[in-house]
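Please examine the sequence and coordinates before reading on.

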Amino acid sequence: EVFSAVEIQPELPDPPPASHVVPLKVHVEPNRLRHLRLGGGFEFDQLKTDLHGLIGWEDKNFLGGLRSFRVDLKPGFVLYPLRLDNIVTPTRLLPEERLRLQFKQPGFLEARTNLFVQPEFNIFPLLVRSDPTTAGSIVGYREVKGATWLDRSYGKLYSSVGYNIQIENPFTYKGPLDNYLSTLVISYPEVVGRLDFRDDRVHPRKGVYLSANFQFAGGPFGGSAGDMKTQPEVRAYVPVASSVTLATRASIGFLFPRNYGDIVQNHLVEDVTDDNRGERTRDIQTALFRGFYSGGPSSNRGYPTRGIAPHGVIPFLNPATASQQVASRCDNLMAPGFDYAACSVPIGGFTLWEFSTELRIAVTGPLSAAVFVDMGDVSPQPTNIRLGHLHMSSGVGARYDTPVGPIRLDIGYRIQPLQVLGFRNENDVARQDPVSGLPPKLLGVPLAIAFGIGEAY
């Protein structure tokens, strides 16, 4: 990223020299080493609406030696409770911000190894309800993250090893803070590997991409959460015509908790009582930050972000006492009058599988289209791949190419008999298996709209 253009020209004498040595001339165009970025954007989906700005600065020769230093600040606020399926006048503004700094030291220890240091400080509301207007409290988190890692490429292979720590400190934008909520510390090393045989990273037409990561939290590394987590993934691209590409993706994830997870695995459908409230709060808060989720623009596009996961009652998002929960029908998922929209939210699970296939069709110039089928599941049990829980959705999408990648709009429809095999629709699934949850509908139809920059995979 130091040069904006590089051109290599050989000098080819005729006849060729006997030494077989060909001189090369390298012409380079230096890039600007310092950049200031200003911008803004918005998010409008089935969970929230927000407006945010963007302020960024980067120096690619920080203190000399081609070290780089980058600062990105994204301040904004959520227009609560306005969202895609709840067009109302906002009654509250929820401030949020994301601040990330990154330092890169090239040639660390040896020429091709890079050292990264990346601290973050974020403030955001925890918005996971499909019907937030009934929430007794609006919980937010002050999040401090720190990561440092080494990376190196060996041809097509990219590898990195590093250490991560995050601190999640809860507070409320509205209402009381649950007495059982406490600061959560997650500490873990991580190893990442990627093999990239694609012909193009932005617009791949053929090739294969493989990736995997492994995390080990807790134990000798401290923190509140103890677990092992891994998620390998494979992507493949095949050109089937001059303007048509078949793209497919498959992923599987396993999370093995050691000091949490009993509530998610065994007790989500039980009553919330004053006696079990503390244990449920501690267990579910950890699963929220460590568990797997599926759904969203780069996953299953028939579901909102985090829409596929074990669902249950989160005590610290509901009124403070069990008696108040009974009055609001949020005490028991198995109760006849349980209000899914008001109470049941995605918590995070321990086994994930996803499979997606799409046809990408070039239309004209920068405009292209796609037809896709997505499916997958997240189970509350470790090593529990439930192939009968398809959560299948299909849909169409449009893309418009830009210098930063295609701007993408996808509309996905959840095929009702193919959510969980043996059930006619989502309502039947929720009645028989409340932990599966009942995803929100858009205008009464089981579909979702996804926006993104870049291809889904």
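A pocket is here an open set of grid points with protein on both sides within 12 Å along at least five of seven lines, and a volume is the space filled by probe spheres set on the points. The model is a predicted one.

Q: What is the volume of the second largest pocket?
A: The lining of this pocket includes Glu1, Val2, Glu58, Lys60 and Leu66. The elements that give two or more residues to that lining are β5 (68–80), β6 (92–105) and β7 (114–125). The volume of the second largest pocket is about 410 Å³.

Q: How many charged residues are in the lining of the second largest pocket?
A: Asp, Glu, Lys and Arg count as charged. Glu1, Glu58, Lys60, Arg70 and Lys104 are among the lining residues. Beside four nonpolar and three polar residues, the number of charged residues is five.

Q: Which residues lie nearest the centre of the second largest cavity?
A: The model has five cavities of 30 Å³ or more, and the second largest cavity has a volume of about 100 Å³. Its lining divides into six nonpolar, six polar and one charged residue. Of the 13 residues that line the second largest cavity, those nearest its centre are Tyr303, His391, Ser436, Gly437 and Pro439.

Q: Which residues does Ile314 touch, not counting residues up to four places away in sequence?
A: The largest nonpolar core has 33 residues, and Ile314 is among those with the most contacts inside it. The elements that give two or more residues to this core are β8 (138–154), β10 (184–196), α1 (262–267) and α2 (277–290). Leaving out residues up to four places away in sequence, Ile314 touches Val128, Ile284, Leu288, Val345 and Ile347.

Q: Why is α2 described as largely enclosed by the rest of the structure?
A: Helix α2 has 14 residues and reaches 20 Å from its first C-alpha to its last, close to the 20 Å expected at 1.5 Å a residue. A residue is buried when its relative accessible area is under 20%, and the buried residues of α2 include Arg277, Asp283, Ile284 and Leu288. The helix is largely enclosed because the number of buried residues among its 14 is 11.

Q: Is Gly162 buried or exposed?
A: Gly162 belongs to strand β9 (residues 157–174). Its contacts, residues up to four places away in sequence not counted, are Thr148, Trp149, Pro189 and Glu190. With a relative accessibility of 15%, Gly162 counts as buried.

Q: What is the omega of the peptide bond from Tyr80 to Pro81?
A: Pro81 lies in the loop between β5 and β6. The peptide bond from Tyr80 to Pro81 is cis, with omega near 0 degrees.

Q: Where is Pro15 found?
A: The peptide bond from Asp14 to Pro15 is cis, with omega near 10 degrees. Pro15 is in the loop between β1 (3–10) and β2 (24–30).

Q: At what relative accessibility does Leu443 count as exposed?
A: Leu443 is not a glycine, yet has a positive phi of about 55 degrees. Leu443 lies in the loop between α5 (426–432) and β21 (447–453). Exposed means over 50% relative accessible area, and the value at which Leu443 counts as exposed is 82%.

Notes: Residues are numbered from 1 along each chain as its sequence is written. This is a predicted model: local features need pLDDT of at least 70, side-chain atom pairs count only at pLDDT 80 or more; totals for chains, interfaces and linings use all residues. Side-chain values use heavy atoms; hydrogens and water are left out. On a 1 Å grid over the protein atoms alone, a cavity is a set of points where a 1.4 Å probe fits but cannot get out, and a pocket is an open set with protein on both sides within 12 Å along at least five of seven lines; lining residues have an atom within 4 Å of a point. Helices (H or I, at least four residues) and strands (E, at least two) are DSSP runs, numbered from the N terminus. A nonpolar core is a set of buried Ala, Val, Leu, Ile, Met, Phe, Trp, Tyr and Cys residues joined through side-chain atoms within 4.5 Å. Buried means under 20% relative accessible area, exposed over 50%, partly exposed in between (1.4 Å probe, protein chains only). Contact means heavy atoms within 4.5 Å. The expected span of a helix is 1.5 Å times one less than its number of residues.
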